[in-house]
Structures are given as structure tokens and as C-alpha cells.
Amino acid sequence: AGPTARKQGGRSKVKKYKKKTWLCHRTKDTDQIQDEIEKAESSGKPIVFEYDDELPGGGQFYCVETGKHFSDAKALADHKKSRYYKRRCKELKEEKYSQGTAEWAAGMSKEVLPPAHAK
């Protein structure tokens, strides 16, 4: 708590700082995780990380569904019982969005309708 220390919440109004911290801590999107799972299934190799000091638990306790690393097996087991994990698993079971679906939702697709007055 020296003369250069900032008081708590001193950066709360700085938009750039908020955006940067949000980007750093953002989780992976569901379609990215679905792609990873598909790639692992097609190659036949599970998603495994080599030992890395930078990651929590050396990168050995990784949850594929949420894309998070954990410090030990107990933390990973507790996470797999959580509401967040179960919700994410349900989201991953849904079908992936395609370009056609996005265009249809935006109203950009051309629907072929039957003629209004058949002769």
C-alpha cells in the first residue's frame, strides 16, 4: 500500500482495461470445443497435454467439455459435478450451427414457395 498503489476498483471505469481482461479470461465457444472433439474422434487420439509448468496442475487435469485446466484430480472431479459442467455438456450435444442455418435465421435464404394461384 505504497504511494503508487491504486485503490481497489480504481480501474473499474477504464473501458480498454475491462475489454482486455475479459478477452484474456474468456472461455472457448461451444463450436470450437465440438471441432476439437470431432478431430480427436476422427484421429482416434484423446485430447492430452504434455507436462507444462505454466498450466495449472502441469496441464494434466483438463476438462474437454469446458476447456479448463485444473490443479488436481479432486478439483476436476468436483468440477464434473457442477451445474456449469452439466449445462455445458447439454449445449455440446446440440447440433452445431452451419452457415446455412445462420443465413436462414438472418432471413437471407431464398425460399421456394408453391405458386399462389395454380392454373
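A helix here is a DSSP run of H or I at least four residues long, numbered from the N terminus. With that in hand, welcome to this predicted model.

Start by selecting helix H4, residues 83–93, and pick out Arg 88. Its partner for the first stop is Glu 91: the two side chains meet in a salt bridge at 3.9 Å, N to O. Glu 91 and Arg 88 sit 3 residues apart in helix H4, so about one helical turn separates them. Arg 88 is buried at 6% relative accessibility, while Glu 91 is partly exposed at 36%.

Stay on Arg 88 and show what surrounds it. Its side chain reaches the backbone oxygen of Lys 28 at 2.4 Å. Beyond its neighbours within four places in sequence, Arg 88 contacts residues including Thr 27, Asp 29, Ile 33 and Glu 65.

Next, select Glu 38 and Lys 96, whose side chains form a salt bridge at 3.6 Å, N to O. Glu 38 belongs to helix H2 (residues 30–43) and Lys 96 to the loop between H4 and helix H5 (99–106), so this pair ties together parts 58 residues apart in sequence.

Now move to helix H3 (residues 73–79), where Lys 74 and Asp 78 are 4 residues apart. They form a salt bridge with the closest N and O atoms 3.1 Å apart. Lys 74 is exposed at 58%, and Asp 78 is partly exposed at 37%.

Terms used:
Residues numbered from 1 in each chain as written. Predicted model: local features only at pLDDT ≥ 70, side-chain atom pairs only at ≥ 80, totals over all residues. Heavy atoms only, no water. Helix = DSSP H or I, 4+ residues; strand = E, 2+ residues; numbered from the N terminus. Buried < 20%, exposed > 50% of the residue type's maximum accessible area, 1.4 Å probe, protein only. Polar contact = N/O pair within 3.5 Å; in protein donor to acceptor, adjacent residues only side chain to side chain. Contact = heavy atoms within 4.5 Å. Salt bridge = Lys/Arg side-chain N within 4 Å of Asp/Glu carboxyl O.
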